[in-house]
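This report describes one protein model, going from its overall make-up to selected side-chain contacts. The sequence and structure are shown first.

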Amino acid sequence: KLPIALSEKVCQASVERLNQVLVDTMTIRDLYKKHHWQVSGRTFYQLHLLIDKHFTEQAELVDQMAERIQMLGGLSYAMAADVAENTNIPRPPKGRAEVPVQISRLLIAHESILQGARASVRKATEMGDDGTNDLLVSDVIRTNETQVWFLAEHVVPMSSTR
């Protein structure tokens, strides 16, 4: 245990919550890579680049959360089997999906991560774990919200007037 002025109980609770957000983030990171490789259609180039950018940002979040877990004296999930066992995000089918399905799947995954991160922020605040709170708000929530915005701009609503 590092002398970071947090009780073992607080550290343990934050590790558990961070590990959940971590495995969900590892899952969306991998969804992004799947869709990066499998995107197609008229907006291929733009989406290919956007999805790869989001993949890189999610990979950075994974590293930040794993390091925070270590700082708190915990052990972060690291292996694909552990991630698959513990994530809240559904596993996608093996085949290629159409772009609207890919985007919808990513938006649903983002919402799941944001719900978990917000619940973890409330708990971290209650327990006085400002470092975990800051990581979740400043990095996880803001990154995911921005990515939702960029993805949602690619959703084309069907108009009944056309």
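The sections below cover the basis of the model, the fold, helix packing, salt bridges, ring contacts and one backbone feature.

## Basis

The model is predicted, and local features need pLDDT of at least 70, side-chain atom pairs count only at pLDDT 80 or more, while totals for chains, interfaces and linings use all residues. Residues are numbered from 1 along each chain as its sequence is written, and side-chain values use heavy atoms, with hydrogens and water left out.

## Overall make-up

The protein chain has five helices and zero strands, and its pattern along the sequence reads α-α-α-α-α. Helices (H or I, at least four residues) and strands (E, at least two) are taken as DSSP runs and numbered from the N terminus.

Along the principal axes, the C-alpha atoms of the protein chain fill a box of roughly 60 × 35 × 20 Å. The C-alpha atoms of Lys 123 and Gly 41 are separated by 43 Å, and these residues are 82 residues apart along the chain. Of the 162 residues in the protein chain, 41% are buried. Buried stands for under 20% relative accessible area, exposed for over 50%, and partly exposed for values in between (1.4 Å probe, protein chains only).

## Helix packing

Helix 1 (residues 8–38) can be followed against two other helices. Its axis and that of helix 2 come within 8 Å and cross at roughly 160 degrees. That crossing angle makes helix 1 roughly antiparallel to helix 2. Axes here are lines fitted to C-alpha atoms, for helices over the stretch in contact, with angles from 0 to 180 degrees between N-to-C directions. Angles under 35 degrees count as roughly parallel, over 145 as roughly antiparallel, 65 to 115 as roughly perpendicular, and the rest as oblique.

The axes of helix 1 and helix 5 come within 13 Å and cross at roughly 25 degrees, so these two helices are roughly parallel to each other. Helix 1 passes helix 2 in a left-handed crossing, and helix 1 also passes helix 5 in a left-handed crossing. A crossing is left-handed if the near helix is turned anticlockwise from the far one by less than a right angle, and right-handed if clockwise.

## Salt bridges

There are six salt bridges, counted where a side-chain nitrogen of Lys or Arg is within 4 Å of a carboxyl oxygen of Asp or Glu. One of them joins Asp 129 and Arg 68, with the closest N and O atoms 2.6 Å apart. This pair links distant parts of the chain, 61 residues apart: Asp 129 is in the loop between helix 4 (99–127) and helix 5 (130–152), and Arg 68 is in helix 2. Asp 129 is buried at 0% relative accessibility, and Arg 68 is buried at 12%.

Two others lie within single helices. Lys 53 and Glu 57 form a salt bridge whose closest N and O atoms are 2.5 Å apart. These residues are separated by about one helical turn, because they are four residues apart in helix 2 (residues 44–71). Lys 53 is partly exposed, at 46% relative accessible area, and Glu 57 is partly exposed as well, at 22%. In helix 4, Glu 126 and Lys 123 are three residues apart, or about one helical turn, and the closest N and O atoms of their salt bridge are 3.3 Å apart. Glu 126 is exposed at 61% relative accessibility, whereas Lys 123 is partly exposed at 27%.

## Ring contacts

The structure holds one aromatic pair. Trp 149 and Phe 150 form this edge-to-face pair, with 5.1 Å centre to centre and 70 degrees between the planes. Rings of Phe, Tyr and Trp (its six-membered ring) pair if their centres lie within 6.5 Å; planes under 30 degrees apart count as stacked, over 60 as edge-to-face and the rest as tilted. Trp 149 is exposed, with a relative accessible area of 54%, and Phe 150 is partly exposed at 39%.

The charged end of Lys 33 sits over the ring of Phe 55, 4.2 Å from the ring centre. The criterion is NZ of Lys or CZ of Arg within 6 Å of the ring centre and within 35 degrees of the ring normal.

## A positive phi

Which residue other than glycine has a phi near 60 degrees? The residue is Ala 5, where phi is positive. Most residues other than glycine have a negative phi. Ala 5 is found in the segment before helix 1 and is exposed, at 78% relative accessibility.
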